[in-house]
Amino acid sequence: MTDIATRGDGSRAAKPGPATLITVAPTGAESEKAAVPALPVTLEELVTTAKECREAGAAVIHVHIRDADARPTLDLGRLRDTVHALRESTDLIVQLSTGGAVTDSFERRLAVLDAGPDACSLTCGTVNFGDDVFMNPWGFMTELYAKTQSLGVVPEFELFDFGHIASLHRLLAQYGPPAGGHVHCDLVMGVPGGMPGDAGTLVNAVAALPAGATWSATGIGRTSLPVLFAALAAGGHLRVGMEDTITFARGRAVKSNAELVERAAAAAELAQRPAMTPTSARDMLGVPDHR
Ligand code: KMH
Ligand code: ZN
């Protein structure tokens, strides 16, 4: 668990704790199955991936689902079936994406919580997203946050840029603490339009987080390894998966999500902060076990 240490000059720093939370984001909404055959898009593929990633050291699964044609969907029936199947087959914390795809409506993104997940993502601001725009205006953020509070779904605050950190402070000040009582953030770095994925940016972003917050980081594409090592060095947790990178090394495609989790777990072990179990992760994040 990461906690906060106060330096001699009164400033605050994350202090490495005994274990590393590893989140796997296996699918996302952006890659096409035809172009990336290893991407898990059916419920069966997702469950197999979840079991393999749990075995490799993941404690949380960040879930986007696909329809029968492997296109991104927020269909509520499919989401409910997915939550049920993942709970039946693993003890992972099931975190549904409320970001969806850039084309999804606010209404459908709010309805994701009705599928009854343990946790959800909550992005703290709009960001250019490659050639698209990922829309998260203040009114939508606050409505989504209030709904997480009333349903007891634990949010993870997705931060793509520094302005998102300012909005997170504003959200907490105006609406109070999240369900579960603990603030956990995920720095999503290296998106074309968001903050860059490098060590200097990570250190500055972490310094701006709310006091007492824990945090993970993920780097998109070629920033995935620099961000992974910077996060471990700075006392943070990790997110990996094919939502964020489909290249394992230069010229070598990712074969499975499990190999990304294995690599993250090996790096965490080297850093003497081995992968955290789902039970410890629930404890840290304030996520009750609904199974
Ligand atoms: N697919 C992106 C537009 C989230 O899951 O909350 C948004 C995203 C963030 O992936
Ligand atoms: Zn996502």
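Where is Ala70 found? The points below take this up along with the metal site, the ligand and the surface.

1. Basis. This is a predicted model, in which local features need pLDDT of at least 70, side-chain atom pairs count only at pLDDT 80 or more, and totals for chains, interfaces and linings use all residues. Residues are numbered from 1 along each chain as its sequence is written, chains are lettered from A and ligands numbered from 1 in the order in which they are written, and side-chain values use heavy atoms, with hydrogens and water left out.

2. Ala70. Ala70 is found in the loop between strand E5 (65-66) and strand E6 (72-73). Helices (H or I, at least four residues) and strands (E, at least two) are DSSP runs, numbered from the N terminus. The phi of Ala70 is near 65 degrees, a positive value in a residue other than glycine.

3. Gln272. This residue also is not a glycine, yet has a positive phi of about 60 degrees. Gln272 lies in the loop between helix H8 (257-270) and helix H9 (278-285). Its relative accessible area is 68%, so Gln272 is exposed. The cut-offs are under 20% for buried, over 50% for exposed, and partly exposed in between (1.4 Å probe, protein chains only).

4. Zinc site. His62 (NE2), His64 (NE2) and Glu243 (OE) coordinate the zinc ion (ligand 2) at 2.1 Å. Along the chain, the donors follow the spacing H-x1-H-x178-E. His62 in strand E4 (residues 60-63) and Glu243 in the loop between strand E14 (237-240) and strand E15 (247-249) are 181 residues apart, a pair that links distant parts of the chain. Donors are N, O and S atoms within 2.8 Å of the metal (3.2 Å for Na, K and Ca); water is not among the atoms, so sites may look incomplete. His62 counts as buried, at 3% relative accessibility.

5. Ligand 1. A side-chain N or O atom of Glu30 is 2.8 Å from a nitrogen atom of ligand 1. Taken alone, ligand 1 exposes 300 Å², and the protein buries 97% of that. Accessible areas come from the Shrake-Rupley method with a 1.4 Å probe; for residues, only the protein chains shown count as cover.

6. Met135. Met135 sits in the loop between strand E10 (132-134) and helix H4 (138-151). Met135 is partly exposed, with a relative accessible area of 38%.

Technical notes:
Polar contact = N/O pair within 3.5 Å; in protein donor to acceptor, adjacent residues only side chain to side chain.
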